[in-house]
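Subject: Structure for you to look at

Hello,

The structure you asked about is below, and my notes on it follow.

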Amino acid sequence: MISNKKECVVMLLAGGQGSRLGSLTNKIAKPSVPFGGKYRIIDFTLSNCVNSNLDTVGVLTQYQPLILNSYIGNGKPWDLDRMNGGVNILPPYQKVDASKWYTGTANAIYQNIDFIEEHNPEYVLILSGDHIYKMDYSLMINYHKEKGADCTISVINVPIKEASRFGILSSDSNGKIIDFEEKPSRPKSTKASMGIYVFNWDKLKKYLEIDDKNTKSTKDFGKDVIPLMLSSEENIYSYEFEGYWKDVGTIDSLLQANMDLLSDGEFELSGDWAIYSRHMEMPPHFVGKNASVKNSIVSEGAEILGTVENSIIFSGVKINENAIVRDSVIMADVIIDEDTVVNYSIIDELCIIGKNLKIGNPRERKSDITVIPRESRFVNL
């Protein structure tokens with residue numbers, strides 16, 4: 001009989017609505033949002049897992065899961081199609097005790113205790129599926145072991161003006177966390193939680209069960225479980241991450257993360273740490289003889305007959321003659337017709353933008369980002 005035991009099980013929280021992304025998440029979960037020309041946001045976390053030699057991943061879905069579930073499939077693009085382990089989609093489901101929708105990050109894990117127990121792990125790594133970054137989780141797990149920690153939280157330094165958006169912690173000279181506060185109005189430090197946790201499974205199970213019985217709890221790790229563990233004097237350590245990391249939870253941050261791909265050295269998709277995706281094979285992109293492309297990413301299957309500057313162009317996009325696209329993200333299978341100008345915009349998948357139109361305002365005017373919802377059709381009458 002093959003043993004299902006794993007040293008570490010990954011639980012990937014991917015059920016968020018992402019309401020701050022507006023129309024981009026009307027029909028899909030935030031981790032499904034396209035990024036970088038050929039990826040979706042969740043590709044980064046899944047790729048980090050396989051590159052870190054972690055092969056047992058539970059993906060917890062809830063809001064608008066159909067596209068995400070179909071996209072992940074059996075996990076083959078990320079080498080997670082395994083007989084023992086692999087990727088598993090974990091939606092909320094009805095149990096005999098009348099369990100309901102996931103009511104918080106901690107509750108989502110609590111409802112899947114049986115899945116974790118099936119693999120009898122020493123450690124559980126909890127991740128969010130809506131961040132852009134490259135990280136070797138095995139280094140964090142080794143740090144957790146070396147410290148003899150019950151829980152380790154990955155942290156990154158953020159500007160003090162942004163600190164109130166995150167869980168903020170303070171630690172001693174040895175890295176042991178002495179204070180933690182979720183989204184404080186007056187932050188005591190700039191060390192922000194990245195929403196990445198390593199737990200000893202026995203400790204995590206204990207505190208999830210305590211939290212579930214607390215009727216006043218919001219069932220959240222940052223608001224409830226971590227403070228409870230701190231007050232119980234458990235050993236909680238911080239693991240400082242110094243690479244690129246972006247929470248793409250707003251339109252501004254999503255566009256900026258895409259634009260960072262065009263800035264030398266800011267964040268690169270190339271290199272030894274591969275980012276994998278489920279991407280349809282398409283012919284090479286085509287740039288016409290009268291076209292102009294400057295400082296842009298143009299994906300397979302795109303056809304550029306006009307002008308593209310400082311933009312991300314996804315697969316299957318067609319930009320026709322005399323059309324101009326600047327400082328924008330054009331998602332898959334969009335058509336932009338002749339003599340149309342697109343500035344500082346995000347155009348979602350499967351849109352048709354007709355002739356002689358003006359979409360958005362130039363970035364230098366400090367205008368708001370224009371967002372065109374999926375499958376929209378604009379025609380100049």
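A salt bridge, as used here, is a side-chain nitrogen of Lys or Arg within 4 Å of a carboxyl oxygen of Asp or Glu. By that rule the side chains of lysine 188 and aspartate 179 form one, with N and O 3.8 Å apart. Lysine 188 is exposed, at a relative accessible area of 61%, whereas aspartate 179 is partly exposed at 24%.

Before the rest, two notes on the source. This is a predicted model, in which local features need pLDDT of at least 70 and side-chain atom pairs count only at pLDDT 80 or more, while totals for chains, interfaces and linings use all residues. Residues are numbered from 1 along each chain as its sequence is written, and side-chain values use heavy atoms, with hydrogens and water left out.

Overall build

The protein has 8 helices and 29 strands; these are DSSP runs numbered from the N terminus, helices (H or I) of at least four residues and strands (E) of at least two. Its radius of gyration is 22 Å, close to the 21 Å that the globule rule gives for 381 residues, so the protein is as compact as a globular protein of that length. That radius is taken over C-alpha atoms, and the rule is 2.2 Å times the number of residues to the power 0.38. The C-alpha trace spans about 65 × 50 × 40 Å along the principal axes.

Of the 381 residues, 54% are buried. A contact here means heavy atoms within 4.5 Å. Among contacts between residues at least 6 apart in sequence, 59% join residues at least 24 apart. The accessible surface is about 17,400 Å², and carbon and sulfur atoms account for 46% of that; the areas come from the Shrake-Rupley method with a 1.4 Å probe, and for residues only the protein chains shown count as cover.

Charges and salt bridges

There are 41 positive and 51 negative side chains, and the centres of the two sets lie 4 Å apart. Lys and Arg count as positive and Asp and Glu as negative, with His and the chain ends not counted. Each charge is placed at NZ of Lys, CZ of Arg, CG of Asp or CD of Glu.

The structure holds 16 salt bridges. In one of them, arginine 40 pairs with glutamate 349, with the closest N and O atoms 3.4 Å apart. Arginine 40 is in strand E3 (residues 39-40) and glutamate 349 is in the loop between strand E25 (345-347) and strand E26 (352-353), so the pair ties together parts that are 309 residues apart in sequence. Both residues are buried.

Aspartate 55 and arginine 82 form another, at 3.2 Å from N to O. Aspartate 55 sits in the loop between helix H1 (42-51) and strand E4 (56-60), and arginine 82 in the loop between helix H2 (66-72) and strand E5 (86-90), so this pair joins parts 27 residues apart in sequence. Arginine 82 is partly exposed, with a relative accessible area of 31%. Both belong to a salt-bridge network that links Lys6, Asp55, Asp79 and Arg82.

Which charged residue is buried yet has no salt bridge? Aspartate 348, whose nearest side chain of opposite charge, arginine 374, is 5.1 Å away. Aspartate 348 lies in the loop between E25 and E26. Leaving aside neighbours within four places in sequence, its contacts are Leu24, Met331, Val334, Ile372, Pro373 and Arg374.

The buried ones include Ile42, Phe44, Leu46 and Val50. Asparagine 53, which follows H1, has a positive phi near 60°.

Leucine 208 lies in helix H6 (residues 201-213) and is buried, with a relative accessible area of 1%. Not counting residues up to four places away in sequence, leucine 208 touches Ala106, Ile109, Tyr110 and Phe221.

Positive phi in loops

Aspartate 333 is not a glycine but has a positive phi of about 65°. It is in the loop between strand E22 (329-330) and strand E23 (335-336) and is partly exposed at 39%. Glutamate 375, also not a glycine, has a positive phi of about 65°. Its loop runs between strand E28 (370-372) and strand E29 (377-378), and glutamate 375 is partly exposed at 46%.

Regards

Note on methods:
Buried means under 20% relative accessible area, exposed over 50%, partly exposed in between (1.4 Å probe, protein chains only).
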